[in-house]
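Let's take a walk through a protein structure together. Have the sequence and the 3D view ready, and follow along one stop at a time.

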Amino acid sequence: MPTVTIDGQRLEFAPGQSIIEVATKAGIEIPYYCWHAKLSVAANCRMCLVEVEKAPKLVPSCQTPCADGMVVRTTSEKVKETQRSVHEFLLLNHPVDCPICDQAGECKLQNYYMTVQLTKSPMREPRLKKHKREELGPYVIYDAERCIMCTRCVRFMEEVAKERQLGVFQRGNHAEIGTFPGQPLDHPYSLNVVDLCPVGALTSSVFRFKQRVWYLTRSPSICSGCAKGCNIHIDQRSSIVYRLLPRDNDAVNQCWLCDEGRLTYTRANDARLTEPLMREAEAVEPLPVKKALPAAAALLQSAVQAKQPVALALSLSATCEEAFVVGKLARELCGATSVALFGYAEGVADALLKKADKNPNRAGVTAVLGGLGLTVTELAPFLKALNQKQPAVALVLGHELTESEVLAKAMRAHGNVLHVAATRTALAEAARVSFPSVSFAEADGTWISGDGRMQRLMPAFAPTSEARPIHTWVAELAQALGVTWMLGTPATIRAEMERVLPAFAAAKITHVAPQGQPFTPDGA
Amino acid sequence: MALRVRERTSMSLYERSFLPEVVRGLGVTLRHFFTNLIFRGSWRYTETVRYPFEKRTYPERFRGQHRLLPREDGSPRCVACYLCATACPAYCIHIVAGESPERAVEKYPVAFEIDLLRCIYCGFCVEACPEDAIRMDTGIHTPAFLSREDGVVGRVDLLSLLGRPQTPEAFGAQNVREGKPRGQ
């Protein structure tokens with residue numbers, strides 16, 4: 001393999017790789033703004049200039065392919081002086097309004113100023129005034145003064161989103177990013193340009209001014225927006241989720257995330273059910289867990305002991321572990337042969353990431369329940385049975401339910417429905433007893449995406465209210481009925497699943513890497 | 001941390017009468033009284049201020065209760081950057097930022113609350129402020145509160161306070177208590 005020497009390190013490279021790619025991989029930091037691994041090379045920020053032996057001038061390391069025997073220096077005085085000057089130049093007209101800039105704290109201009117420049121601005125003239133707070137589209141706000149014209153956003157729209165909604169207008173000092181007349185930036189992936197922007201020029205109108213970034217705690221998770229299972233970061237503070245950002249995973253979403261998925265962060269915050277609810281006639285009252293659990297258990301027990309049918313419906317957002325415990329309850333206690341599945345309505349798919357199935361774990365729930373010998377049905381037979389009052393007691397178990405008028409009406413009419421949900425919807429108020437469940441941000445378990453990829457869902461924070469996962473509620477109900485499964489945590493459930501279901505034997509929960517792994521329902 | 005349980009011992013009759021301790025305390029007072037009577041002007045003399053008839057003047061940099069400084073139109077200079085809240089070691093500053101409808105000012109504090117009961121009057125917030133929007137130059141001591149809620153001072157109250165006469169002038173609306181306000 002050909003080698004290149006960067007800062008005295010001999011590094012191997014594949015033909016065609018640029019200096020910055022090889023250096024970054026080896027842990028050598030070259031400052032850059034406009035370069036992005038998934039976008040074409042523009043080489044216009046000039047921050048990544050490095051010294052190459054026998055080259056007459058400094059070369060942009062993002063654009064220069066490595067050659068065999070090339071000797072590169074990234075920390076020589078000449079390079080450092082150039083970086084300082086380039087940075088001075090980039091900051092010439094910068095308004096330095098960091099106090100009101102959302103990017104402050106994760107801004108490359110701030111970081112490189114501290115590491116590379118550290119000099120006062122040489123600008124004697126008044127700084128150029130440009131327009132601020134320009135709404136490019138429904139979610140993106142542009143500040144022309146902060147922009148350094150790296151054109152990452154323009155290249156993203158052209159190369160990844162495949163819709164040229166952004167362009168560079170004017171020249172020189174006056175250049176700025178803009179949209180075309182009558183065509184706002186309304187692409188379903190428009191918020192990616194906010195992530196791409198290395199400075200605070202493009203900000204998200206959803207996250208804007210909500211929180212300073214240095215307060216946020218980041219943890220890995222999986223997007224609950226559709227069956228794609230995009231890898232995300234949850235940014236939260238005090239158990240409130242403020243934004244979702246894409247997490248790099250070349251096997252799933254590369255480094256992109258759709259706007260629809262990003263906006264699902266509200267599912268972790270809004271209208272949360274915080275304590276059990278009990279319905280007596282028309283009055284819905286909050287109830288402590290100590291009282292709600294025996295009430296629900298007594299209801300279930302009367303049906304189980306009288307050998308009356310119990311119907312179950314499970315959310316398609318439930319984790320595999322939750323599905324397993326629910327399946328166990330259905331088979332061993334309720335004597336049910338089928339479980340109805342419900343979730344979000346079908347949506348629109350696209351070529352980049354979005355799947356039409358808006359439920360994150362249809363594959364997983366189906367595989368687990370099928371493996372337990374249960375048939376899975378749509379919601380319609382469950383509704384029909386509910387309306388005919390066939391089951392004595394019904395359980396509707398789900399994380400995140402969109403309001404479903406029909407289901408709520410049927411639940412209200414039936415009167416003996418137990419419900420577990422994260423949000424206080426019409427369903428929670430229609431049920432006899434409702435228990436609060438965790439949201440996707442607090443859940444621990446695995447999801448299997450529509451592409452057959454098992455991914456670990458990590459809790460970003462512990463539930464602050466009485467919220468517990470579905471499997472905990474189900475296990476506690478079972479315990480009240482006199483059956484102790486000892487399935488307390490996702491780990492113990494997984495151990496049991498691996499014993500019972502061959503398909504899960506191959507993938508131990510602790511082995512599911514942060515990037516996920518392929519899953520085959522037949523266990524091959 | 002290990003928990004140490006200590007037996008509460010009951011006081012003896014001697015201690016319970018409190019009389020010997022009262023006498024001992026009066027002794028200290030009397031000692032100072034006679035020392036001051038005899039050694040006036042010497043290093044033994046204890047300087048006292050006849051509070052509340054006399055009050056000491058505080059140094060210029062005394063940190064009293066905070067105030068928010070206004071712009072010329074009376075709105076707070078604060079841009080809700082959270083730097084004071086970030087610098088605060090007592091976590092007593094609570095800010096909710098919002099998008100201002102005016103074009104000139106992008107960000108403003110929808111809510112700006114200081115919990116005076118938590119505040120340790122370190123002045124870090126004043127140091128951190130990039131806008132000179134918060135100062136501790138009112139010269140006011142923390143008032144007494146009847147409930148914890150009263151200890152939380154909001155944006156409007158903080159804006160209504162003025163600085164002491166000797167406080168440095170800030171560009172904006174009326175700033176200094178007594179003395180001539182700017183522009184008159």
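Our first stop is Q65(B), which is buried, with a relative accessible area of 7%. Here, buried means under 20% relative accessible area, exposed means over 50%, and partly exposed is in between, using a 1.4 Å probe and protein chains only. Before we go on, note that this is a predicted model, where local features need pLDDT of at least 70 and side-chain atom pairs count only at pLDDT 80 or more, while totals for chains, interfaces and linings use all residues. Residues are numbered from 1 along each chain as its sequence is written, chains are lettered from A and ligands numbered from 1 in the order in which they are written, and side-chain values use heavy atoms, with hydrogens and water left out.

Q65(B) sits in the loop between α2 (19-38) and β1 (67-68) of chain B. Helices (H or I, at least four residues) and strands (E, at least two) are DSSP runs, numbered from the N terminus. Leaving aside neighbours within four places in sequence, Q65(B) is in contact with residues including L116(B), Y121(B), R135(B) and L161(B). Contact means heavy atoms within 4.5 Å.

Now turn to chain A. Its secondary structure comes to 15 helices and 24 strands, and its C-alpha trace spans about 90 × 50 × 40 Å along the principal axes. Of the 524 residues of chain A, 56% count as buried.

What lies inside? In soluble globular proteins, nonpolar side chains tend to be buried together. A nonpolar core is a set of buried Ala, Val, Leu, Ile, Met, Phe, Trp, Tyr and Cys residues joined through side-chain atoms within 4.5 Å. The largest one here has 63 residues, and Y33(A), Y142(A), F156(A), L166(A), V193(A) and L202(A) touch the most other members. The helix α4(A) gives the most to this core, with four residues. Beyond its neighbours within four places in sequence, F156(A) is in contact with residues including L39(A), Y189(A) and W256(A). Another core, of 57 residues, lies apart from that one, and V339(A) and L374(A) are among its members.

Look next at A330(A), in helix α8 (residues 320-333) of chain A. A330(A) is buried, with a relative accessible area of 0%. Not counting residues up to four places away in sequence, A330(A) touches L312(A), G335(A), A336(A), V339(A) and L374(A).

Charged side chains form pairs too. A salt bridge is a side-chain nitrogen of Lys or Arg within 4 Å of a carboxyl oxygen of Asp or Glu, and a search of the whole structure finds 40 of them over all chains. In one, D97(A) pairs with R146(A), the closest N and O atoms being 3.1 Å apart. D97(A) lies in the loop between α2 and α3 of chain A and R146(A) in the loop between β7 and α4, so the pair ties together parts that are 49 residues apart in sequence. D97(A) counts as buried at 11% relative accessibility, and R146(A) does at 2%.

Finally, where do the chains meet? In the model, 13 residues of chain A are in contact with 17 residues of chain B. The area buried between them is about 1300 Å², of which carbon and sulfur atoms give 50%; buried area is the accessible area (1.4 Å probe) that two parts lose on being put together, summed over both. Three salt bridges are counted between chain A and chain B. The side chains of E99(B) and R133(A) meet in a salt bridge, at 3.1 Å from N to O.
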